[in-house]
Each structure stands twice: as C-alpha cells, then as structure tokens.
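Hi there,

Here is the structure I promised to pass on to you. Have a look at it first, and then read my notes below.

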Amino acid sequence: MTGRRRASRSGVLALCLLFGSLVACGGQPAPDSARAAVQRLLDGQAAAVLHHDGTVYARTGARTAYENLSAVPLASWSYRLTSLHRTGATATADADLSYRVRGYDTSPVTVGRTLALRLTADGQWYVASDKPAKKSGQQLWDQGRVSVVKGAHSLVMGVGQSTTGLREYRALADHAVPAVAGAWGTDWPRHVVVLVPGSLDGMAGLLGAPAASYRGIAAVTTGEAGGSGDAPADRIIVNPDAYAMLGSVGKQVVLTHETTHVATRAHTTPATPLWLSEGYADWIGYRGTGRTPAQAAPELYRAVEDGHLPTALPADKDFGFSSEAGELAQAYEGGWLACRMIEDRWGVSQLGKFYRAVGAHKKRAGAVEGAMKKVLGVSLDDFTAQWRDYLRTQLG
C-alpha cells in the first residue's frame with residue numbers, strides 16, 4: 001500500500017509538471033490560460049461596444065461604463081492585454097486600448113488602461129473597473145455620460161453639458177474650420193473634435209495634469225507643438241470655467257486659434273518657435289474681428305506706452321505657465337503682431353510659406369533665420385528691427 005501511494009503521488013506530480021503550462025495543480029487556470037481567457041473577455045466586450053449591445057456588454061463589465069460611451073461614434077475599439085497579475089479569484093491587468101472616432105481619426109488613438117477583474121460564480125472573468133493607467137490621462141467617458149453634437153465641420157462631445165451649450169460650441173467650431181482653411185489652405189482634414197468636460201478639473205483629468213496648470217486657460221489642443229505631425233488625432237479640450245468668462249468675440253477667437261493648431265500641426269515641429277506657432281494661431285483667430293492692435297494686444301500696448309519696447313522676439317520660456325500673467329500675454333501679443341506684420345508687408349501667402357519653411361527644418365538652430373532669408377528675403381536682425389518699429393507704429 002505504501003509503495004502504491006508513493007507511485008500515485010509521483011504520477012500526480014508528473015502530470016502537474018507535464019500540463020503545468022495549461023492548468024495549475026489545485027484546479028485553477030495557469031497564468032497563460034487566465035491571460036487567454038481575459039483577452040477573450042476583452043475582445044467580447046469590444047465587440048459589444050462596436051455593435052451597441054448593452055446586454056452583452058453587461059455580461060463582461062459594469063453597464064455604466066457602456067452607457068457613458070455609447071453615444072460616441074466609434075469606428076474601432078479594441079484592447080491588447082499587456083500584463084496580468086492574479087490573486088485567486090481576482091486579478092489586475094494592464095492593457096492598451098485603441099480606438100478611432102468614425103470620420104475623424106485617421107488611425108487609432110492608443111491609451112494605457114488598468115483593469116480590475118474578478119471571477120463570477122460560473123467561473124467567468126468580469127471587468128469590475130477600467131481606469132486610466134498610471135501617467136495616462138482620462139478619456140471623456142471616464143468622467144460621466146458623453147453627449148454628442150455633430151456639425152458640418154466638427155464633432156462636439158461633452159460631459160455635464162446641456163445640448164444647447166454643446167450646440168454653441170458646434171457653431172463656433174463650424175465657423176472656425178473654413179476661416180482657418182481660407183488662410184492656411186486645405187492640406188488638412190478640415191474638421192475638428194471638441195471635448196467639453198464639466199469643469200477645470202475635468203479638463204486637467206483629460207490632460208493628465210494638475211488643474212492649477214490650466215487655470216485661466218480657455219482651451220488647449222493636444223499634440224499641437226513639437227510633435228512629428230503623424231499622431232492619429234487632435235482634440236480641442238475646453239476649460240468651461242475659463243471659457244464662460246469670455247465674450248462672444250473671445251470665444252470665437254479661442255476656438256479659431258485652437259483649430260489653427262489642428263490645421264498646422266503637421267508643419268509644427270521642434271524647429272518651430274512658440275512665437276510663430278502661437279502668433280500664427282492668434283493671427284487667424286483675430287482675422288475679420290475688427291480688433292485693433294491696441295484692443296487685441298493690451299499688455300504690449302501698455303508696455304510700449306510706458307517706454308518698454310521689447311528688444312527681441314518672444315522666447316519659448318516666455319510662454320511658460322510660470323511666467324507672470326502680463327509677461328505671458330505680451331509673449332502671445334508679440335507673436336501675433338509679428339505674424340500680422342508679415343501679412344502686411346509680405347502677404348498672406350508668404351506668411352504661410354514662411355511657417356511651413358521653418359517647420360521643414362529638423363532642428364531649431366538656424367530654422368527661423370534660414371526661412372526668413374529664403375521666403376522673406378531678410379535676416380533675423382532685420383526682421384526684429386522691423387518688428388520693433390511695427391510695434392512702435394501700431395501701439396505707440
């Protein structure tokens with residue numbers, strides 16, 4: 001009896017070693033098996049999202065998550081499981097979520113997610129929670145149920161916003177797109193996606209940054225500066241708290257400014273100084289508004305009036321959040337007036353060519369100087385002298 005018992009135990013051990021990659025001893029799925037099961041679960045959940053099947057989705061995860069994003073027009077939605085950490089009937093998973101908004105995203109947006117999973121009574125995995133991975137920003141549907149309003153040139157999505165309010169953003173965006181195309185040209189998709197969270201905190205959550213970094217900033221465009229131009233999608237993200245403080249002209253200027261960043265991003269590279277990218281966006285934003293330089297550049301106007309004429313074009317550091325409010329405003333205003341001067345003296349077409357010529361350089365060094373010489377026929381010193389004279393004439 002003793003020999004048989006030993007032989008039996010040896011046999012069980014051998015079988016465990018032989019099939020350990022498939023089923024762990026004790027009856028629980030081994031890591032590879034659990035990983036495959038979770039990936040199948042996520043594939044099924046993705047199919048439910050794309051087919052608008054809330055009933056099937058509810059078998060895979062909390063229905064509230066589905067309801068939050070059900071109005072978003074998705075062309076694709078998929079997960080790629082990257083890691084799984086199991087403890088008995090629960091697990092934590094890391095995954096890459098890839099999705100495309102139909103008609104707007106040229107290729108998938110990919111974001112990191114952290115999933116909490118549990119086994120149900122019938123032994124199936126279930127997504128208990130799906131949250132942004134560490135150092136990843138939220139998606140709009142993480143903040144609540146998304147409402148969607150589609151325009152001729154825009155898609156506006158909001159959380160905690162009235163339909164009337166979203167329609168107002170749509171009208172501004174639909175006006176901005178042709179305005180930008182009329183100045184910049186048509187070598188961009190000519191539509192925008194506008195995200196309107198419920199508050200400043202919501203905006204910061206989408207950007208994965210502290211709210212204090214964006215207090216007083218009415219809107220930003222993701223990926224606008226220093227990128228490669230090949231990112232799959234831009235989003236204009238609104239700070240509803242600051243935006244509500246603007247007048248009708250200011251609201252339009254902001255949306256047109258951000259839309260300009262969407263249009264120009266393929267030509268906005270590390271070689272492009274912020275005075276040019278921000279100044280050009282303001283230049284298009286203010287076109288047709290009838291605002292005079294003194295009205296549109298009040299901080300710089302006061303500085304010139306007080307005898308403090310800038311000696312050089314704004315540096316990138318002048319656009320930092322750490323700058324004093326007046327200095328930051330002067331940086332934007334100085335960039336705007338530089339672009340306005342190019343329009344006045346060389347024309348709209350040459351301004352666009354100059355912007356593209358700067359962005360075509362691989363590095364910052366020499367980019368502005370080379371483009372000025374090639375497109376405008378002046379040196380940087382000559383241009384700066386003309387700009388200072390232009391400020392004196394327009395604001396003095």
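What is the mean pLDDT of the protein? The mean is 90, and 89% of the residues reach 70 or more; pLDDT is the predictor's confidence in each residue, from 0 to 100. The value stays under 50 over residues 1-30 and also over residues 224-231.

This is a predicted model, where local features need pLDDT of at least 70 and side-chain atom pairs count only at pLDDT 80 or more, while totals for chains, interfaces and linings use all residues. Residues are numbered from 1 along each chain as its sequence is written, and side-chain values use heavy atoms, leaving out hydrogens and water.

Now to the aromatic rings. Rings of Phe, Tyr and Trp (its six-membered ring) pair if their centres lie within 6.5 Å; planes under 30 degrees apart count as stacked, over 60 as edge-to-face and the rest as tilted. The count comes to 15 aromatic pairs. One of them is tilted because the planes of Tyr-169 and Tyr-243 are at 35°, with ring centres 5.3 Å apart. Tyr-169 is in helix α5 and Tyr-243 in helix α7, 74 residues apart (helices are DSSP runs of H or I, at least four residues, numbered from the N terminus). Both are buried, meaning under 20% relative accessible area with a 1.4 Å probe, protein chains only.

Tyr-280 and Tyr-355 have ring centres 5.1 Å apart and planes at 55°, so this pair is tilted. Both of these residues are buried.

Finally, Trp-77, Tyr-79, Tyr-99 and Trp-141 form one aromatic cluster.

Enjoy exploring!

Conventions. Contact = heavy atoms within 4.5 Å. Helix = DSSP H or I, 4+ residues; strand = E, 2+ residues; numbered from the N terminus. Buried < 20%, exposed > 50% of the residue type's maximum accessible area, 1.4 Å probe, protein only.
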